[in-house]
Amino acid sequence: MAKILIIDDETQLRGLLSRIIGLEGYEVIQAENCTTGLRQLERTHPEVVLCDVKLPDGNGVEMVTRIKQAEPDCEVILLTAYGNIPDGVQAIKNGAFDYITKGDDNNKIIPLLSRAVDKARTNRRRNAATAAGSTGQGFDAIIGSSKPMRAAVELARKVAGTDTSVLLTGETGTGKEVFAQAIHRAGKRKDRTFVAVNCSAFAKDLLESELFGHTAGAFTGAAKNKKGLMEEADGGTLFLDEIGEMPVDLQAKLLRVLESGEFIKVGETKPTKVNMRVIAATNRDLPAEIAAGNFREDLYYRLSVFQIKLPSLGERPSDIDEYARHFTNVFAAKMDKPVETIEPGYLELLRRHPWRGNIRELRNVVERSMIMASDGVLRAEDLPVELQHGAPASDDSTLPLSLRAIEKQHIARMLGHTGGNKTEAARLLGIGLTTLYRKIEEYGL
Ligand SMILES: Nc1ncnc2c1ncn2[C@@H]1O[C@H](COP(=O)(O)OP(=O)(O)OP(=O)(O)O)[C@@H](O)[C@H]1O
């Protein structure tokens, strides 16, 4: 039940409004001045405040700012005197949802109130999701309470406060970057920069100049001096993702930096000092890469002083439900599409899937099924077909529906999700707009 706080010193009007609003099924709280109003606000956390302008100890227009400061999710509707539009306009500038003139009939007040309540609830969900879904924050953002996951978090917490290099290993999508950020945030360098570089994203020469920087004219195209990522990370943390992809001669240069705390920019002769913590990550088997001559053993020993292996989802199926619920909340807030129920069949299919892409894959699957979901329920049929039927079916006749029927159903749901916006539906479906129009006609949608 949504709560509405009415702040008004006129007892009669306050009582009348309370009755009207109470009859609509809202819980009403009353206050006769600003001081009690703010106290009630803090105690009861209402969705909406209806606030008079002239109050014995203050002004409603200013109260809007104070209310929004104390409870940013709460929406305020100002009760202005007849004909006093400037007050209402100023209130909206201060962040009020809207204003109504005293004496307006119920037909206006109730729908407005209902819209304000909806808005306040959206604010709440959105803010809760920003807090919950913000990966790359601290250890609190790391989800997973299985034993292997707790062991990995405990190790990471222990090393966070030191300046030791850390090597994070684990399959793709297991959260290596999430851990790297959490270690940085929990360490002494938390107020300095966290610089992440994906070693596989650059050609060899480019990676060197990205990392070390270069001087003007160092090579064709180097028009200006350029600061390298190591310099950017000075005082903070350098996260070297996919370190296994780093070319061998660059590995030698990196080792020198780690040992001397100095590096030489491309095109320069004198060294530059740097003070940074290094966290590296890989999904490769580095000892095997060493044996194959692709990775330097000395760098491996330098980086792996403290090694943390992140468990794959397959090693901890008991965490799957927790991730599913977490990402459902995150996307419900992002899409402003609340989900009240996750059907057991949905979770059961998630538990059966091999999750080669680990948490990243699971997150994407939940996001996709949230698009498909309707009536606040996440059902097995909202999952991608390959999850609904285990491994890709070798024989189409095993499918309960023909592919045409599945395509029709899928397009219809996507159109429902986009509120009939065909351009957006075509984008999400990954097809051209003309194709979408053709299919709509073909299927009589
Ligand atoms: N423990 C976790 N709790 C919540 N979200 C997580 C967790 N681990 C990973 N994620 C989410 O999964 C996705 C992949 O995580 P991340 O990029 O850290 O994986 P990775 O191991 O670095 O992947 P890659 O090896 O492909 O670089 C991100 O969206 C991240 O937010």
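These are my notebook entries on a predicted model.

**Entry: the annotated aspartate**

I began with the UniProt record, an unreviewed entry, which lists D52 under "modified residue: 4-aspartylphosphate". I then looked for D52 in the fold and found D52 in strand β3, which covers residues 48-52. Is D52 buried or exposed? I counted 24 C-beta neighbours inside 10 Å of D52. The cut-off for buried is 20 or more, so D52 counts as buried. I also listed the contacts of D52, leaving aside neighbours within four places in sequence. They are I7, D8, D9, G60 and L79.

**Entry: the nonpolar cores**

Nonpolar side chains tend to be buried together in soluble globular proteins. I looked up the largest nonpolar core here and found 41 residues in it. Which of its members touch the most other members? They are L168, M230 and L238. I followed L168 and set aside residues up to four places away in sequence. L168 then touches K176, F179, A180, I279, A281, I308 and L310. Another core, of 33 residues, lies apart from the largest one, and its members include L5, L55, V64 and V76.

**Entry: a pair of helices**

Two packed helices are described by the angle between their axes and the distance between the axes. I took helix α13 (residues 320-335) and helix α15 (residues 358-372). Their axes are 9 Å apart, at an angle of about 50°. The helices α13 and α15 are therefore oblique to each other. I noted the crossing of α13 and α15 as right-handed. On α13 the contact is made by Y323, A324, F327, T328, F331, A332 and M335. On α15 it is made by I359, L362, R363, V366, E367 and M370.

Methods. Residues numbered from 1 in each chain as written. Predicted model: local features only at pLDDT ≥ 70, side-chain atom pairs only at ≥ 80, totals over all residues. Core = buried A, V, L, I, M, F, W, Y, C linked by C-beta atoms within 7 Å. Buried ≥ 20, exposed ≤ 12 C-beta atoms within 10 Å, placed from the backbone. Contact = placed C-beta atoms within 7 Å. UniProt positions renumbered as here; feature names shortened; annotations may be inferred. Helix = DSSP H or I, 4+ residues; strand = E, 2+ residues; numbered from the N terminus. Axes fitted to C-alpha atoms, helices over the stretch in contact; angles between N-to-C directions. Parallel < 35°, antiparallel > 145°, perpendicular 65-115°, else oblique. Left-handed = near helix turned anticlockwise from the far one by under 90°.
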